[in-house]
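I opened this notebook to keep track of what I looked up, entry by entry, beginning with the strands and then turning to the helices.

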Amino acid sequence: MAQLAIDFTSEAIAQSEANADGQWMDKAIGCVRRLAKERMYITANDVLDMMEKEDESTHSLRAVGPVMLAAKKLGIIKNTGQKSTSVNTHGTPITLWEVV
């Protein structure tokens with residue numbers, strides 16, 4: 001059962017990446033880099049907030065998942081294994097990433 005959930009998650013991330021605008025993803029990874037210079041920990045929402053301030057948008061906010069995974073592969077951040085919640089996420093836990 002757990003493997004099925006992992007498979008569905010992997011497929012969803014791959015689909016989000018395939019549907020995302022390449023320029024948007026590049027700019028979002030740039031935001032991850034800038035945030036990494038300012039903070040010890042970041043979330044996907046931090047990236048989305050910065051993108052919004054820069055007047056950048058995408059048709060699906062799910063595209064930030066592949067951005068975070070790309071930043072992990074680039075060695076910018078690593079998964080802490082912890083979740084963060086906030087009023088902005090209505091209590092929904094989101095991955096907390098540590099700057100490497």
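I began with β1 (41–42) and found that two bridges join β1 to strand β3 (residues 94–99), the two running antiparallel; strands here are DSSP runs of E with at least two residues, helices are runs of H or I with at least four, and both are numbered from the N terminus. Within this pair I noted that Tyr41 stands opposite Glu98 in β3.

I reminded myself that this is a predicted model, in which local features need pLDDT of at least 70 and side-chain atom pairs count only at pLDDT 80 or more, while totals for chains, interfaces and linings use all residues. Residues are numbered from 1 along each chain as its sequence is written, and side-chain values use heavy atoms, with hydrogens and water left out.

Next I looked up the whole sheet, which is open, has three strands in the order β1-β3-β2 and is paired antiparallel (two strands pair if DSSP finds at least two bridges between them). Because β1 and β2 (77–84) stand at the edges with a single partner strand each, one side of each is left without a neighbour in the sheet.

I then turned to helix α3 (residues 44–53), where Ala44, Asp46, Val47, Leu48, Met50 and Met51 are buried, meaning under 20% relative accessible area with a 1.4 Å probe and protein chains only. These buried residues pack against α2, β1 and α4, contact being heavy atoms within 4.5 Å. After α3 comes Asp55, which has a positive phi, near 60 degrees.

Terms used:
Buried < 20%, exposed > 50% of the residue type's maximum accessible area, 1.4 Å probe, protein only.
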